[in-house]
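Thanks for making the time this morning. I would like to walk through one model with you, going from a few local backbone features out to the sheets and the domains.

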Protein chains: 2
Amino acid sequence: MKTLLKNAKILSMKDDQIKEGHIVITDNRISEIGPNVDINASYDKIIDCEGNLLMPGFKDAHTHSAMTFLRSKADDSALHDWLFKEIFPREDNLYKGSVYELGKVALLEYLTSGITGVIDQYFFPEEFERACKEYGFRCVNLIMFDKTARPMSDCYKLLECNKEKDGLVRAVIGMHSEYTGTEEMFKATDELLNTTKLPFYTHLSETAQEVDDCLSRRGIRPMKFFDDLHFFDRGGAIFHGVYLDDNDINIIKKRNVIVVSNPASNMKLASGVAEIKKLLSKGVTVALGTDGPASNNALDMFREMYLVTGLQKLILKDPVSIPAFEVLKMATVNGAKAMNLSDGDTLEVGKLADIIMIDLSRPSMQPINNIINNLVYAGEKDVIKMTMINGKVLYYDREFFVGEDIKELYKRVQKMTDYLSVIKK
Amino acid sequence: MKTLLKNAKILSMKDDQIKEGHIVITDNRISEIGPNVDINASYDKIIDCEGNLLMPGFKDAHTHSAMTFLRSKADDSALHDWLFKEIFPREDNLYKGSVYELGKVALLEYLTSGITGVIDQYFFPEEFERACKEYGFRCVNLIMFDKTARPMSDCYKLLECNKEKDGLVRAVIGMHSEYTGTEEMFKATDELLNTTKLPFYTHLSETAQEVDDCLSRRGIRPMKFFDDLHFFDRGGAIFHGVYLDDNDINIIKKRNVIVVSNPASNMKLASGVAEIKKLLSKGVTVALGTDGPASNNALDMFREMYLVTGLQKLILKDPVSIPAFEVLKMATVNGAKAMNLSDGDTLEVGKLADIIMIDLSRPSMQPINNIINNLVYAGEKDVIKMTMINGKVLYYDREFFVGEDIKELYKRVQKMTDYLSVIKK
């Protein structure tokens, strides 16, 4: 299968240069790129980009996709009440098949925002894996010991996707957090990490309270706690990282851990603002995540990009903080790094064809003074014309090509949501 | 001309109730609304809303539309350099016809964001008036003494639009700010206010520096300065209002002045966060504005809505701050108040047909737990299905109906932008 994307502007993200050219995709990878592609050769599919921009898809490096059922369910409430009275009791209602359907609504939204890959952390990862494979969406699932008390054999089974060549779904080892961990879970995670040699992913230092509690409980901060357990010996990522001290940052550097920032969620839940400028200045790799739809409530990389730079400017009282290209790198190249997707970060020959097209004819993209700045400071879902994953067009001109009757999906999900929303005493 | 919008959910904004029903528009006003409308009667035009949401259009109560030519031109630079080295020298290049064309690009973007009316403040307001009338867009223009040294007779001429019955464009009296004002300008503005009995609009207390400078220059704060001049005796609005003390707020209350907040611009330019929760608790009416595309860089009411509540939650460390319906009121009803548009605030019989349709089938709006929260916390331009102003559909399914060849407009504007961008020594 050979696809030609012709007459485009191309931002490869190898650098900040935008060049006119074409891209040829053979099966799921880029086979030719540049101005000299033979656009009159024979192709199975030709898309005329009409001068619009092609760039690597966004990577949402921290999300809980199936939480769509809790979107807008309990906003404007205090954090503790929100978690313990609104979120957790409803999550107790979740059953296996629900994650499959609820996750699909999130997948559709990712496509509308040009997101071509996510790191997902939720119950029943096998069900989200099923949804991703069915739609053709790329995902890294966190395999965790969770409260549904998954036996170790199940965990190992869920990691088998890593053996598939060019598989869309991969798996790494995760935990929810230090504060929800039990001795049994730490032990199981240790075994999983040692057996598989995979990196480790967890929520960490999201709130000041979390760090304080860990200090009173253990006398050390969460980052040191996990490092002492050697969980980060093969790298990985922490989600949020709002409250990190210099020692935490030293560990992060030493272990090549990536910080996945979630500025919208941290703002809306009043958790704080991560010190992104400081982290970058210390050479830490920062990626971006939306967090789940219950806390954000959108799954929109444009929102995260705008906020990650905007909030640094505001908090540091310095409008120069975190220039636009740095932000785009977080949302693409660094996200790919967090996903261990070394062949999915830039547009180059041999790389995966996870490509989005930006509609430069939308008014927010006009006039063209600086496309990169336009994307970061004026962009929104409205400018996404195409989302391609693994060489397949899954979204074009607001239509989804995922083999699903969307209206019927919504009906099933609404029914499921109404059922799951009832809190059992 | 009779138009039927049938099979809708309707959020009138009189309260937070959403009801099933239909709307009939006769010419430019709502003539029937509710579940009992005869949908089989004879209409000139019928739009089936298919269960989507109808609500009043958003009002962008502070913008500088024609600044599209400076969008993304000089982001990530320090405020003083940005203004004096990047913005002002290029604005010196502006000529009359340019504001007409540059303003149109902004009008298109407003339509994509469901914005049906703006308060605009810029050079050559007669040119923006021309663009609005041509497209059918609603606007309140600030008539100001500006550096192009407009004679008083011109100002009076520009105010004549107020005599038109049901005119789309109206005018009020404004000044840029205390800090750019001269004695001559204050005198002229005083005369205009006294002759016309119109309210007064100005930038005020946007930065801490501005307030400090006014204090050193005059010994009083900007709000007191203008109040001593009696400029706010007939109400009006201040733009930004980031740094207001209790005495400022007392004046604002006493004079029925509206505070137009611009959270995105204030964040991106590192100006600060207006104390919205405090203002609301004191009974001040707060509306929302995007500010111009050079500082924001989008003209998107969804961005402002998300930020106005998100930033309060963050700064006050309180996720309960400013619930979603309060935010929607700012963006609609309070914006209409700032525009003196008492017949354009809600959806009721006799009110102006400035109506938008929200596409509830977009994934970010699914599932439906709470439509109002969905709009404020998960909404974005992508969900705007229709924008109707004065009974006319100007935007539907991403197409513009404004009698313009959009591609040709972009070409002219790009040429103009390239010309205006050259800074003359």
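Predicted model: local features only at pLDDT ≥ 70, side-chain atom pairs only at ≥ 80, totals over all residues.

A:Ser72 is not a glycine, yet its phi is positive, about 60°, and its place is in the loop between strand 6 and helix 1 (79-91) of chain A. Is A:Ser72 buried or exposed? It has 23 C-beta neighbours inside 10 Å, and therefore counts as buried, the threshold being 20 or more. A:Lys197, which likewise is not a glycine, has a positive phi of about 60° and lies in the loop between helix 5 and strand 10 of chain A. With 9 other C-beta atoms within 10 Å, however, A:Lys197 is exposed.

Let me go over to chain B, where B:Lys197, with a positive phi near 60°, follows helix 5. Helix 5 of chain B covers residues 183-196, which makes 14 residues, and it reaches 20 Å from its first C-alpha to its last, close to the 20 Å expected at 1.5 Å a residue. Which residues of helix 5 of chain B are buried? They are B:Thr189, B:Leu192 and B:Leu193. Seen down the helix axis, these buried residues fall within an arc of 95°, so they line one face of helix 5 of chain B. As for what the buried residues pack against, the partners are helix 4 (152-158), strand 9 (169-175) and strand 10 (200-204) of chain B.

In chain B, eight strands form an open sheet with parallel pairing, in the order 6-7-8-9-10-11-12-13, and its edge strands, strand 6 (58-63) and strand 13 (286-288) of chain B, each pair on one side only. Neighbouring strands of this sheet are turned by 25° against each other on average, with direction ignored. Strand 9 and strand 10 of chain B, running parallel, are joined by three bridges, and B:Ile173 has B:Phe200 as its bridge partner in strand 10 of chain B. Helix 3 (residues 125-135) of chain B lies across strand 7 (115-120), strand 8 (138-143) and strand 9 of chain B, and runs at about 175° to strand 8 of chain B.

Strand 1 (residues 2-11) and strand 2 (residues 18-26) of chain A run antiparallel and are joined by eight bridges, with A:Lys2 standing opposite A:Thr26. The hairpin that they form has six residues between the strands, and A:Met13 in the turn has a positive phi of about 70°. Strand 2 of chain A is also joined, through five bridges, to strand 3 (residues 29-34) of chain A, again antiparallel, and here A:Ile25 has A:Ile30 as its bridge partner. This hairpin has two residues between the strands, and A:Asp27 takes a positive phi near 55°.

Finally, the domains. The domain assignment of chain A gives domain 1 (2-56 + 350-400) and domain 2 (58-338), whose C-alpha centres lie 28 Å apart. Across the boundary, 22 residues of domain 1 of chain A are in contact with 25 residues of domain 2 of chain A. On the domain 1 side, helix 13 (371-378), strand 15 (384-389) and strand 16 (392-396) of chain A each supply at least two residues, and helix 13 of chain A gives the most, with five.

Methods. Residues numbered from 1 in each chain as written. Chains lettered and ligands numbered in written order. Helix = DSSP H or I, 4+ residues; strand = E, 2+ residues; numbered from the N terminus. Expected span 1.5 Å × (residues − 1). Buried ≥ 20, exposed ≤ 12 C-beta atoms within 10 Å, placed from the backbone. Arc of directions from axis to C-beta. Contact = placed C-beta atoms within 7 Å. Pairing = 2+ DSSP bridges. Domains from an automatic or database assignment. Axes fitted to C-alpha atoms, helices over the stretch in contact; angles between N-to-C directions.
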